[in-house]
Amino acid sequence: MRAVTQNIARIILGAFLTFAGVSHLTFNRSEFLAQVPGWLPVDPDLTVILSGIVEISLGLTLIFAVRYKKWVGITAAVFFILIFPGNISQYVNKVDTFGLNTDKARFIRLFFQPILILWALWSTNALTKKNQ
């Protein structure tokens, strides 16, 4: 039963990442642009485009490349760590985006990143030594 639950969670995370990636490139582009930290030495629009492509790639790979799910889970967890400074920047700089227009809402959002990291690792069985 655990393996079934993990597979469902992996597919849901993959769908979430794919959707988020598509939204980076289309209808939420300006929202994501607002989150790019000003200190990042890369063009903000390029950052949004590249992160969207990475999210689409990770999402589809989570769904379809089951053979490599542990590596993809680890990669997704690292990706979530790498984009966390954008969430911190949004909180510190009081950037209103995605309906997060209070300090409390932006602060609460910070706690979702560790959940995403654990979700990526748990749903792909990356936390265990055995292949399953």
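**View 1. Helix 1 and helix 3 run roughly antiparallel to each other.**
The model is predicted: local features need pLDDT of at least 70 and side-chain atom pairs count only at pLDDT 80 or more, while totals for chains, interfaces and linings use all residues. Residues are numbered from 1 along each chain as its sequence is written, and side-chain values use heavy atoms, leaving out hydrogens and water. Helix 1 covers residues 2-25 and helix 3 covers residues 44-64; their axes are 7 Å apart and the packing angle is about 155 degrees. (Helices are DSSP runs of H or I with at least four residues, numbered from the N terminus; axes are lines fitted to C-alpha atoms over the stretch in contact, and angles between N-to-C directions run from 0 to 180 degrees. Under 35 degrees counts as roughly parallel, over 145 as roughly antiparallel, 65 to 115 as roughly perpendicular, and the rest as oblique.)
On the side of helix 1, the contact is made by Arg10, Ile11, Leu13, Gly14, Ala15, Leu17, Thr18, Ala20, Gly21, Val22, His24 and Leu25. Helix 3 contributes Val48, Ile49, Ser51, Gly52, Glu55, Ile56, Leu58, Gly59, Leu60, Leu62 and Ile63. (Contact means heavy atoms within 4.5 Å.) These residues divide into 14 nonpolar, 7 polar and 2 charged. (Ala, Val, Leu, Ile, Met, Phe, Trp, Tyr, Cys and Pro count as nonpolar; Asp, Glu, Lys and Arg as charged; the others, Gly among them, as polar.)

**View 2. Helix 3 also meets helix 4, and the axes of helix 3 and helix 4 come within 10 Å.**
The two axes cross at roughly 155 degrees, which makes helix 3 roughly antiparallel to helix 4. Helix 3 takes part through Ser51, Val54, Glu55, Leu58, Thr61 and Leu62. Facing them in helix 4 are Val72, Gly73, Thr75, Ala76, Phe79 and Ile83. By class, the contact of helix 3 with helix 4 has 7 nonpolar, 4 polar and 1 charged residues.

**View 3. Helix 1 and helix 6 have axes that come within 8 Å and cross at roughly 130 degrees.**
Helix 1 and helix 6 are therefore oblique to each other. From helix 1, the residues that meet helix 6 are Arg2, Thr5, Gln6, Ala9, Arg10, Ile12, Leu13 and Phe16. Their partners in helix 6 are Leu116, Trp119, Ala120, Trp122 and Ser123. The contact of helix 1 with helix 6 has 8 nonpolar, 3 polar and 2 charged residues.

**View 4. Lys94 sits in the loop between helix 4 and helix 5 (103-110).**
Most residues other than glycine have a negative phi. Phi of Lys94, however, is positive, near 55 degrees. Beyond its neighbours within four places in sequence, Lys94 is in contact with Ser89, Asp103 and Arg106. From Thr61, Lys94 is 33 residues away in sequence and 34 Å away in space, C-alpha to C-alpha.

**View 5. Asn125 lies in the segment after helix 6.**
Asn125 is not a glycine, yet its phi is positive, about 65 degrees.

Definitions and conventions. Helix = DSSP H or I, 4+ residues; strand = E, 2+ residues; numbered from the N terminus.
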